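Me: I would like to go through this structure in short questions and answers. Please show it to me.

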Amino acid sequence: MSEHLEEALAKLKTTGVRMTPQRYAILTYLFDSFNHPTADEIYKALESKFPNMSVATVYNNLKVFIDAGLVRELTYGDDSSRFDADLSDHYHARCQVCGKISDFDYSPIVDVEHVAAQQTGFRVGGHRLEVVGLCPDCAGKATH
């Protein structure tokens, strides 16, 4: 078990969240996944192990994880939220055809937060940077 997962389990325990087999499986799937899955993708990946689990169970547990500060919800205005257990400062590249999201590292652009705060008067609490384009699979299909 990864140290990150152990810390997440300990945090849930201290907040009184009971660890069910389904909750553990969903959390483990998120921590092992680098593809930023949707709730439906998580459900489909786990339904054979938990035939009585519903999509609603997945959504409810994702909300628990978000509220506990363990998971980030990525929304892009297309009604298909994706979930990311990597809470470090990082950015995303998103395929505009298939929706695949990949992480990429770049030094956090904190200057933009300061400029935004100065120009707008907002108390800026963070920012999100996303680049869009075609993933290698979709780019390959487009050229054939």
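Me: How many helices and strands are there in the chain?
Reply: This is a predicted model, in which local features need pLDDT of at least 70 and side-chain atom pairs count only at pLDDT 80 or more, while totals for chains, interfaces and linings use all residues. Residues are numbered from 1 along each chain as its sequence is written, and side-chain values use heavy atoms, with hydrogens and water left out. Helices (H or I, at least four residues) and strands (E, at least two) are DSSP runs, numbered from the N terminus. The chain holds 6 helices and 5 strands.

Me: What pattern does the chain follow along the sequence?
Reply: The C-alpha trace spans about 50 × 45 × 30 Å along its principal axes. Read along the sequence, the pattern is α-α-α-α-β-β-β-β-α-β-α.

Me: What share of the 144 residues counts as buried?
Reply: Buried means under 20% relative accessible area, exposed over 50%, and partly exposed in between, with a 1.4 Å probe and protein chains only. Of the 144 residues of the chain, the buried share is 31%.

Me: Which elements do the buried residues of α2 pack against?
Reply: Helix α2 covers residues 21-32, and its buried residues include Arg23, Ile26, Leu27, Leu30 and Phe31. An α-helix has 3.6 residues a turn, so residues three or four places apart point the same way. The buried residues of α2 pack against α1 (3-14), α3 (39-46), α4 (55-67) and β2 (82-84).

Me: Which residues does Leu27 touch, not counting those up to four places away in sequence?
Reply: Leu27 is found in helix α2 and has a relative accessible area of 0%, so Leu27 is buried. Contact means heavy atoms within 4.5 Å. On that count, Leu27 touches Leu5, Ala8, Leu9, Leu12 and Phe65.

Me: Is His92 buried or exposed?
Reply: His92 lies in strand β3, residues 91-95. Among the residues that His92 touches, leaving out those up to four places away in sequence, are His36, Asp103 and Phe104. Its relative accessible area is 3%, so His92 is buried.

Me: Which residue has a side chain joined to that of His92 by a polar contact of 3.3 Å?
Reply: A polar contact is a pair of N or O atoms within 3.5 Å; within protein, one must be able to donate a hydrogen and the other to accept it, and residues adjacent in sequence count only if both atoms are side-chain atoms. The side chain that makes this contact of 3.3 Å with His92 belongs to Asp103.

Me: What phi does His36 have?
Reply: His36 is found in the loop between α2 and α3. At 2% relative accessibility, His36 counts as buried. Although His36 is not a glycine, its phi is positive, at about 55°.

Me: In which sense do β3 and β4 pair?
Reply: Two strands pair if DSSP finds at least two bridges between them. Ala93 stands opposite Ser102 in β4, and Gly99, in the hairpin of β3 and β4, takes a positive phi near 85°. Over 4 bridges, β3 and β4 (residues 101-104) pair in the sense called antiparallel.

Me: How far apart in space are Leu27 and Phe104?
Reply: Leu27 and Phe104 are 77 residues apart in sequence. From C-alpha to C-alpha, their distance in space is 22 Å.

Technical notes: Expected span 1.5 Å × (residues − 1).
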